[in-house]
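User: I am new to this structure and would like a close look at a single part of it. Please set that part in its surroundings as you go.

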Amino acid sequence: MSAAFVTRDYSLVGPEAEKAVAAGLASAKWYSPPITRAELKELMRREDRPAIRDTLIWFAALIVSGGLGFWFWGGWAAVPFFLVYGVLYGSASDSRWHECGHRTAFKTKWMNDAVYEIACFMVLREPEIWRWSHTRHHTDTVIVGRDPEIITPRPPDVLSLLLNVFSLKTAVIFVRGLFLHAAGRLREEEATFVPASERPKVYRTARVYLAIYALVILACVYFRSILPAMLIGLPSLYGAWLQLYFGCTQHLGLAEDVLDHRLNSRTIYMNPIFRFLYWNMNYHVEHHLFPLIPYHALPRLHQAIKADCPEPYPSTIAAYREIIPALARQLKDPSYYVKRELPSGARPAPFGAAPART
Amino acid sequence: MSANWIDAGLADRISPEDVAPFEHQGRQYALYRTADGRYFATDGLCTHEQVELADGFVQGTIIECPMHNGRFDFTTGEAKGAPACVDLATYPVKVEGGRLWVKLG
């Protein structure tokens, strides 16, 4: 047990939030790697074609797997189709939510917005709440008391992580939020990042979501079958496991309170199927360094700045070989974290390799 | 030249469909050049979280903030949607002798 076993308050309205501001960690200037404006401009260039192609494949795969699951419903033959449908619905939607939320996936704004709305529903995220939450995540990435998207505190909340293999904890928070928002109220934390001008949209969307779920429940009752919910609603739970598998690799076990994404984010090499499902968010260091660069250009950005970044992980398995022992150690010693090594010749981190605040 | 027209440097230091920073009396501005060669100027910091727009991305007449992708029409300063909700201030620009002049104040 560490002598300095301190449990920190990860809420956005507690003492850590004030400490982060006082320490200059809130809305701070972050490290930016050397890259020319011309290179950056080329990488930022938007296209519709890759995301249209990938979205058509995604929708087609959803229709085929869901259709076959429907067709074989009642027998074991339906199981593999619902497994595929669930992952496409409950996990691939996470990266679509993310990229379209940044409005970088497509060149055309309405396409980003349309896919964003659909993906939000699939991944149990209210569009306005999560747009603002993610904005804060990029401003204050893994800054305790500021970042609303820290996946688990130190020491890790293992029970919540396990429940979220099937988004169970997420779903409870989401449903409570829907009722709260539909009643025209926000949580205290949400009020710290959702501007007053955007709140009516939150309330309206929550009412629409509740209406959709009510229709699905009515359909289940009418047809005396859970099948409608297997197609709309439940896949957000039974298909969420891959989302968590990917999401835990982004920052878990790495440094908190550092103003350098090279030290608090992971870039992992993934196979083409994972990269399709995850829309290249395995290049997570690169994404955080330059959020304007579309997912399809991240491999090129990776090549452009790799000399300035820590060695990428060769696979998700390799990343988990680091993450799981790190979490186990944090159960006993919450001050422990994995220090990412910068390559020789890389520019130093603004605060060195150690956190700016412990 | 009138007192409040400020020399902002060579016009062609800004590439077509791009943005460049300009600082005057400790205040930051962003200068824009459209693909068809028109020039514009706005405040240099995003109204959402004070991020430098000169590091952002220009597409048509839209400047996108580099941190959170907030968008503004730099010809009018109009915020084009969350997280950009407050319009940017704009300033008149002219080109004389190959140099950019921005009317401030």
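How many helices and strands does the secondary structure of chain A come to? After that, please look closely at the sheet in chain B that holds strands E3 and E4.

Analyst: The model is a predicted one. In chain A the secondary structure comes to 18 helices and one strand. Its C-alpha trace spans about 60 × 40 × 40 Å along the principal axes. A compact globule with 358 residues would have a radius of gyration near 21 Å, and chain A, at 21 Å, agrees with that. Of the 358 residues in chain A, 42% are buried. Among contacts in chain A with a separation of 6 or more, 69% join residues 24 or more positions apart.

Now the sheet in chain B. Four strands make up an open sheet, in the order E2-E3-E4-E9, and the pairing is antiparallel. The edges are strand E2 (18-24) and strand E9 of chain B, each of which pairs on one side only.

Strand E3 (residues 27-33) of chain B pairs with strand E4 (residues 39-43) of chain B over five bridges, in the antiparallel sense. One residue of this pairing is B:Ala30, whose bridge partner in E4(B) is B:Thr42. E3(B) and E4(B) form a hairpin with five residues between them. In the turn, B:Gly37 has a positive phi of about 85°.

E4(B) also pairs with strand E9 (residues 90-91) of chain B, again in the antiparallel sense, over two bridges. Here B:Ala41 has B:Tyr91 in E9(B) as its bridge partner.

In a regular strand the side chains alternate between the two faces of the sheet. Beyond the bridges, the contacts of one residue show what surrounds this part. With neighbours within four places in sequence left aside, B:Leu31 is in contact with B:Ala8, B:Ile14, B:Val19, B:Ala20, B:Phe22, B:Tyr39, B:Ala41 and B:Leu100.

In soluble globular proteins, nonpolar side chains tend to be buried together.

Just after H1(A), A:Gly24 takes a positive phi of about 75°.

The contact between the chains takes 17 residues from chain A and 13 residues from chain B. On the side of chain A that touches chain B, helix H2 (37-44) and helix H7 (127-139) of chain A each supply at least two residues. H7(A) gives the largest share, five residues. The residues on this side of chain A divide into five nonpolar, seven polar and five charged.

Terms used:
Residues numbered from 1 in each chain as written. Chains lettered and ligands numbered in written order. Predicted model: local features only at pLDDT ≥ 70, side-chain atom pairs only at ≥ 80, totals over all residues. Contact = placed C-beta atoms within 7 Å. Nonpolar A, V, L, I, M, F, W, Y, C, P; charged D, E, K, R; others polar. Pairing = 2+ DSSP bridges. Rg over C-alpha atoms; globule rule 2.2 N^0.38 Å. Buried ≥ 20, exposed ≤ 12 C-beta atoms within 10 Å, placed from the backbone.
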